[in-house]
Amino acid sequence: MATGGGGGGGGLGGAAGSAGSADHHKRNTFTSYVAPLPGDLRATADTNEWCLPSDLRDVHLGKPRLLQGEQIVSSAPAYMYSPIDPMDSSGSGSGSGSGSSSSSSTLPADSHKEAIFGLLSVTNFKLAFVPLHSKRNPVAAAAPLVDLYQENAYLGRNEITLNNIDHIYTIAELGRAVIALQAARGISRRKKLEPFKQPNISGRIAALHIVCKNFRLLKFAFLQQDSKLSGSSDHGKLIASALVRFAYPMRHDLSFAYAHREPYYSTLGASGTSMYATKNDWARELIRCGATEWQVVSSASVPLLQNPLQAGKYTVPPHFVIPKSCSVDRFLDLSRAFCDSRAAFWVYSYGSSAALVRLAELQPAAQQDTKLENVMLELVRKCDAGRQLKLLQLTDRLPSIQDVLKAYQKLRRLCTPETPQKFMAQDDKYLALLEKTNWLFYVSLCLRFASEAAATLRSGVTCVLQESNGRDLCCVVSSLAQLLLDPHFRTIDGFQSLVQKEWVALEHPFQRRLGHVYSAQPAGGNAELMESEQSPVFLLFLDCVWQLLQQFPDEFEFTQTYLTTLWDSCFMPIFDTFQFDTQAQRLKAVRDSQLVLRPVWDWGEQFSDKDKMFFSNPLYQRQKGDLGAQAAAAAHRRSLAVGNRAAQGSAAGSTPSRNTINPQLFATASSVPQDRFLQPAHRIFDLQVWDQCYYRWLPILDIRGGGQPQVDLFHRLLLSNIAKVQRCLEFQNFDDLPDAYYEATGESRPNQPKDEKPDKEDEAEFVDGVERRRKTTTKAATPTNGLTSVSGNLQLSTLSSFFPFGNPIAGDAPHQLYDILSSSSELLMETSSFLDKSSIV
């Protein structure tokens with residue numbers, strides 16, 4: 001059996017045998033629109049298509065749900081396979097040559113046992129697969145199926161946005177002899193489709209492999225019908241042509257965001273996220289950090305930047321902070337010597353005067369003379385009370401964006417095997433292959449230099465981060481250093497404000513780095529040139545943050561599910577946060593194309609209240625002095641944890657004001673705590689692989705009843721029980737004591753009837769298709785809160801280890817687990833944590 005491509009052709013060409021019939025040019029073009037009666041033998045494969053199975057005839061019923069402005073480009077019936085399930089269930093790899101029977105207009109019933117049949121559609125927004133029937137165990141069919149996973153309002157479980165598609169591979173339909181020859185030679189039949197080369201799609205396509213940027217691998221096989229029935233229709237080529245045409249736009253205005261004209265009503269006023277879109281937002285940050293030697297500059301108020309003849313020479317953001325000792329005109333004149341006009345930009349201050357500054361390198365023509373760079377560094381040095389400065393050169397010490405892209409591609413290949421054989425081959429030498437990707441090595445380097453920058457600021461010395469353009473790895477190190485120093489940025493609102501400041505407001509080129517737009521490739525050009533500016537730098541940053549979550553689980557308000565969701569949202573074109581390179585592009589799209597701007601931080605647009613509960617960390621310990629007001633922090637937390645939009649206490653932190661704030665009129669002391677810094681371990685053997693983000697699409701790695709989600713739910717259950725005990729003590733009403741109390745004491749609940757029927761004996765259940773017997777439990781060990789008590793250990797045997805991205809769960813467990821989530825979230829909203837109450841501790 002050949003590799004991914006060889007297995008992909010198995011059982012896909014059951015109708016190919018009649019293609020060479022002598023009567024091909026005499027095919028019947030008559031189409032019947034009346035279904036024959038059941039059992040009508042006059043409808044045969046040679047005369048009428050109604051001989052097809054009923055599910056294939058009803059394929060038109062599987063229309064995907066469309067958003068406003070969304071249109072279907074093409075649709076075709078297809079089989080969807082699990083990422084590493086063999087696409088030939090017979091194991092012979094010879095399905096595509098099965099043409100011995102002229103009446104085999106469809107595939108045999110057993111050739112797609114492991115696949116799901118449905119309608120595959122390409123729209124101007126997404127690739128959607130709608131199954132016509134779900135595979136359910138017959139025993140569990142009677143139980144109601146409740147979805148226990150993160151449900152997106154715009155995308156279904158089998159849908160991906162076109163922005164998420166990175167590579168498209170085709171598997172051609174070949175004869176049995178050709179397949180055997182290629183298998184003997186070890187030749188893969190997968191062929192990569194290059195953008196802007198649609199005419200090169202040749203031959204009949206039996207299957208498609210679609211590799212996504214979020215590490216998902218989708219495998220579809222197409223039904224090759226008899227030429228007498230369908231006129232030699234090639235469903236695979238139809239879908240492939242549509243994907244090549246719409247998945248690689250050459251202009252940004254071809255994105256679905258421009259066609260989605262649905263009105264947007266913002267609810268961000270109930271959160272504490274600062275957008276850094278106004279001068280006052282930067283002024284508030286200066287006041288919070290106590291940075292008195294710096295000033296905010298708005299491009300709209302600078303005549304030089306408003307002059308059409310001069311504005312093209314500068315690529316500065318709408319608002320930026322520069323040394324107060326330097327005039328704006330002189331600063332702009334000096335900035336022309338640096339790449340992208342990125343001279344010294346202030347981003348953060350710690351302590352009395354130590355500042356964190358981002359600086360680009362000199363232009364290639366000016367690199368021989370460092371006089372202008374020394375002048376700029378001297379201006380920064382004057383802002384430090386001790387006249388001290390440390391220059392941290394990142395270009396030579398951190399990987400380039402091309403190195404990050406290569407490491408990402410190697411890691412993704414390791415996480416997206418096409419066949420079980422390739423998976424087992426990689427699994428045998430997994431650690432060696434993981435080391436060769438260099439991904440964890442780059443994560444280690446970023447954490448190391450972020451720790452060095454944080455230590456420099458703690459010692460009272462200004463730290464200047466210098467990179468080629470100051471917009472890539474500078475964002476990573478600068479953001480991580482602030483996370484290590486400032487507990488405000490470890491809250492959900494604070495982290496979103498940090499990303500908005502360091503990545504969006506200071507204009508990280510998301511459009512080019514994430515490949516939202518593909519520039520036209522010149523004739524005879526190299527495909528590598530088109531990817532030279534693509535690099536998942538933001539994913540590298542999120543991985544570093546995830547490593548911090550593992551080392552300091554009680555210091556961050558958000559969870560790994562929040563970080564994974566944030567990476568997925570990078571490819572949601574409906575939200576503008578990660579879709580543009582500069583603010584000028586964003587404003588031009590609004591002015592010229594009436595684009596509706598939707599920030600991704602308005603999570604209520606994508607998720608329901610129960611899904612947003614997954615973002616809150618049950619172990620997070622909020623300190624009494626955070627942000628100066630517990631009520632405001634509680635309002636922020638309520639708006640994100642349980643979706644209460646009525647909390648308006650923090651609206652003043654993000655809404656623009658008519659009056660410009662002058663930082664000099666406020667207290668000059670920094671309000672950043674000096675004793676809440678983190679010192680992470682950054683060596684490679686201290687790091688882990690972010691399994692939820694990278695492996696969640698591989699069912700073979702799913703450990704039912706295991707993994708980190710079990711630990712998180714156990715913690716949430718404890719918090720839920722503590723919340724119930726607190727309420728009982730507060731109101732002196734003990735009727736609502738948690739079930740754990742009665743399990744531990746052996747007492748019976750007062751309102752519970754004594755005469756109860758015993759549990760059913762040895763009930764059979766099916767887990768992943770395997771019949772298992774449930775142990776008979778006593779009354780003290782009955783399932784409680786959706787968790788099964790076994791030998792004193794709480795576990796949920798049907799819960800995915802990639803929760804909440806796992807498979808649905810049948811029964812009442814989802815409702816009970818959501819009750820645990822909401823109950824544990826109450827402790828996050830209280831003004832005093834339960835850890836402060838010594839009576840409970």
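In which sense, parallel or antiparallel, do strand 3 and strand 5 pair, and over how many bridges? Strand 3 and strand 5 (residues 159-161) pair in the antiparallel sense, over 3 bridges; two strands pair if DSSP finds at least two bridges between them. Helices (H or I, at least four residues) and strands (E, at least two) are DSSP runs, numbered from the N terminus. The model is a predicted one, so local features need pLDDT of at least 70 and side-chain atom pairs count only at pLDDT 80 or more, while totals for chains, interfaces and linings use all residues. Residues are numbered from 1 along each chain as its sequence is written, and side-chain values use heavy atoms, with hydrogens and water left out.

Back to the strands. Ala-128 has Glu-159 of strand 5 as its bridge partner. Strand 2 (residues 116-123) is joined to strand 3 by 5 bridges, again running antiparallel, and a hairpin of 2 residues connects strand 2 to strand 3. Here Val-122 finds its bridge partner in Leu-127 of strand 3. Strand 3 (residues 126-131) is mostly covered, with 5 of its 6 residues buried; buried means under 20% relative accessible area, exposed over 50%, and partly exposed in between (1.4 Å probe, protein chains only).

Next, the nonpolar interior. A nonpolar core is a set of buried Ala, Val, Leu, Ile, Met, Phe, Trp, Tyr and Cys residues joined through side-chain atoms within 4.5 Å. The largest one has 139 residues, of which Leu-480, Phe-495, Phe-538, Phe-541 and Tyr-694 touch the most other members. Helix 14 (residues 439-458) gives the most to this core, at 12 residues. A second, separate core of 28 residues includes Ala-240, Ala-242, Ala-247 and Tyr-518. Leaving aside residues up to four places away in sequence, Phe-541 touches Val-476, Ser-479, Leu-480, Leu-483, Phe-495, Val-499 and Trp-503, where contact means heavy atoms within 4.5 Å.

Tyr-408 sits in helix 11 (residues 401-415) and counts as buried because its relative accessibility is 4%. Beyond residues up to four places away in sequence, Tyr-408 touches Cys-212, Lys-213, Phe-215, Trp-439, Pro-536 and Leu-539. With Trp-439, 31 residues apart along the chain, the C-alpha separation is 6.7 Å.

Ser-298, in strand 10 (residues 294-298), is buried too, at 9% relative accessibility. Its side chain makes a polar contact with that of His-319 (2.9 Å). A polar contact is a pair of N or O atoms within 3.5 Å; within protein, one must be able to donate a hydrogen and the other to accept it, and residues adjacent in sequence count only if both atoms are side-chain atoms.

As for charged pairs, the structure holds 27 salt bridges, each a side-chain nitrogen of Lys or Arg within 4 Å of a carboxyl oxygen of Asp or Glu. One of them links the side chains of Asp-281 and Arg-284 (3.1 Å, N to O). Both residues lie in helix 6 (residues 279-289), 3 residues apart, about one turn of the helix. Asp-281 is buried at 3% relative accessible area, whereas Arg-284 is partly exposed at 25%. Asp-472 forms a salt bridge with Arg-513, the closest N and O atoms being 2.9 Å apart. Asp-472 is in the loop between strand 15 (462-467) and helix 15 (473-485) and Arg-513 in helix 17 (residues 510-513), so the pair ties together parts 41 residues apart in sequence. Finally, Glu-285, Arg-288, Asp-486 and Lys-501 are linked in a salt-bridge network.
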